[in-house]
Amino acid sequence: MPPKMAIMRQSLDQIEQRIAAALLAAPRASWRTIADCLDLSERTVLRRAAPLYGDGTLRATAIRNPLCFPELTPVALRIRCRPSTIGAVARTLAHRPDTVWVEILGGGEEISVVLFLADAASRNGLLLRDLPATAAVTSWTTQQLIRVFPTAFAWTGGLLTEAELARLRPPAEPVKPAAPQPVDAALIEALTADARASYGAIAARAGIGATTARRRVAAILDGQMIRLATELDLTLLGIKTDALLWLTVPPAELERTGSTLSAHPQVRFAAATTGTSNLFIAVAAADRTGLYEFLTATLGPLTGHSAVETHPILSTVKRTGLIR
């Protein structure tokens, strides 16, 4: 008799939500660290969290840092399609190994895609060959991500306090991103497959000893060669309105505006880009009222931007490199 397929959760209770939020901010944190952060027992954390990984509700992965891999070109695309074909186009894009996220936007006619293109040939092949040859695609715009603001990577959906977040992620001194060593490729591949894998499992996959694996994984993380990520459906955290915003900001205000917004508890991603709109952010709100309040109470008083374009996310097809 075939094994029963695990079914992802449709809801989380309050304790599970807070554990998931802690794992968003610190994907490889030990059960003890999470327990201390949330004032729970280690046994409770393990009992609640392990099944969430077992059924795929939570997935741990890793995203390469383009600053450490100069051959990578991080690109954001906005692709307009015929509505009848948008699902097929989105799924095709999601199955590309170089797509990081693929989202269908609110009108059902546009897809937002972030890719880490391997080299100039990959970029030209996509923009000059693949997209023009796709009949379902009517037009597209391309922007390069030239500065990602890391503050937003500590996003927890507002479920953790600043004090809890500080216990979970002690402040670290800024470091210059390190250059990867030859052995690191296999370790990064192992962490991408499962960022919570044991050092023994990582070592076995990379074909090295566990001690070497532990030392090099620490160097990879300390050198910011990758960003660890926890993937889950944000509705499980009470997020009912997820939107992408494109802002036009004068160059003199770009760093200040991006840094300020990336630290906001509703902003889960922020990056400066090339193009007419030069600040790209992802906002997560409990509902439409929450999004409205972000636009009016947060963006409204913030000087330094002349235009904002807001598009709710209709469907997430791929995020943090993982297909939904």
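This is a predicted model: local features need pLDDT of at least 70, side-chain atom pairs count only at pLDDT 80 or more; totals for chains, interfaces and linings use all residues.

Colleague: How many residues line the second largest pocket, and which lie nearest its centre?

Modeller: The lining is made of 19 residues, and those nearest the centre are Ala-62, Ile-63, Arg-64, Pro-97 and Thr-192. Strand E1 (59-64), strand E3 (99-105) and helix H7 (184-193) are the elements that each give two or more residues to that lining.

Colleague: And what's the lining like by class?

Modeller: It has 10 nonpolar residues, along with five polar and four charged ones.

Colleague: OK, switching to charges. How many salt bridges are there?

Modeller: The count is 20 salt bridges. One of them pairs Arg-48 with Asp-13, with the closest N and O atoms 2.6 Å apart.

Colleague: Where do Arg-48 and Asp-13 sit in the chain?

Modeller: Arg-48 is in helix H3 (residues 42-54), while Asp-13 is in the segment before helix H1 (14-25), so the bridge ties together parts that are 35 residues apart in sequence.

Colleague: Is Arg-48 buried or exposed?

Modeller: Arg-48 counts as buried, because its relative accessibility is 18% and the cut-off for buried is under 20%. Asp-13 is partly exposed, at 33%.

Colleague: Which residue does Arg-96 pair with?

Modeller: Arg-96 meets Asp-130 in a salt bridge, 3.5 Å from N to O. This pair also links distant parts of the chain: Arg-96 is in the loop between helix H4 (86-94) and E3, and Asp-130 is 34 residues away in helix H5 (residues 120-133). Asp-130 counts as partly exposed, with 26% relative accessibility.

Colleague: What about Arg-256 and Glu-253, how far apart are their closest N and O atoms?

Modeller: Those are 2.8 Å apart, in another salt bridge. Both residues are in helix H10 (residues 251-262), and because they are three residues apart, about one helical turn separates them. Arg-256 is partly exposed at 37% relative accessible area, and Glu-253 is partly exposed too, at 25%. There's also a network in which salt bridges with shared partners join Arg-78, Arg-80, Glu-110 and Glu-309.

Colleague: What does UniProt say about residues 247-316?

Modeller: The unreviewed UniProt entry annotates them as "domain: Transcription regulator AsnC/Lrp ligand binding". In the model that stretch is 34% helix and 37% strand, with its end C-alpha atoms 22 Å apart.

Colleague: Cysteines next. How many disulfides are there?

Modeller: Zero disulfides. As for individual cysteines, Cys-37 is buried at 1% relative accessibility, and Cys-81 is buried as well, at 4%.

Colleague: Last topic, backbone. What is the phi of Asp-39?

Modeller: Asp-39 has a positive phi of about 60°, though it isn't a glycine. That's worth a look because most residues other than glycine have a negative phi.

Colleague: Where is Asp-39 found?

Modeller: Asp-39 is in the loop between helix H2 (31-38) and H3. Asp-39 is exposed, with a relative accessible area of 71%.

Colleague: And what's the phi of Thr-320?

Modeller: Thr-320 isn't a glycine either, and its phi is positive at about 50°. You'll find Thr-320 in the loop between strand E10 (307-319) and strand E11 (322-323). At 11% relative accessibility, Thr-320 counts as buried, whereas Asp-39 is exposed.

Technical notes:
Residues are numbered from 1 along each chain as its sequence is written. Side-chain values use heavy atoms; hydrogens and water are left out. On a 1 Å grid over the protein atoms alone, a cavity is a set of points where a 1.4 Å probe fits but cannot get out, and a pocket is an open set with protein on both sides within 12 Å along at least five of seven lines; lining residues have an atom within 4 Å of a point. Helices (H or I, at least four residues) and strands (E, at least two) are DSSP runs, numbered from the N terminus. Ala, Val, Leu, Ile, Met, Phe, Trp, Tyr, Cys and Pro count as nonpolar, Asp, Glu, Lys and Arg as charged, and the others, Gly among them, as polar. A salt bridge is a side-chain nitrogen of Lys or Arg within 4 Å of a carboxyl oxygen of Asp or Glu. Buried means under 20% relative accessible area, exposed over 50%, partly exposed in between (1.4 Å probe, protein chains only). UniProt positions are given in the numbering used here, feature names are shortened, and annotations may be inferred rather than shown by experiment. A disulfide is a pair of cysteine sulfur atoms within 2.5 Å.
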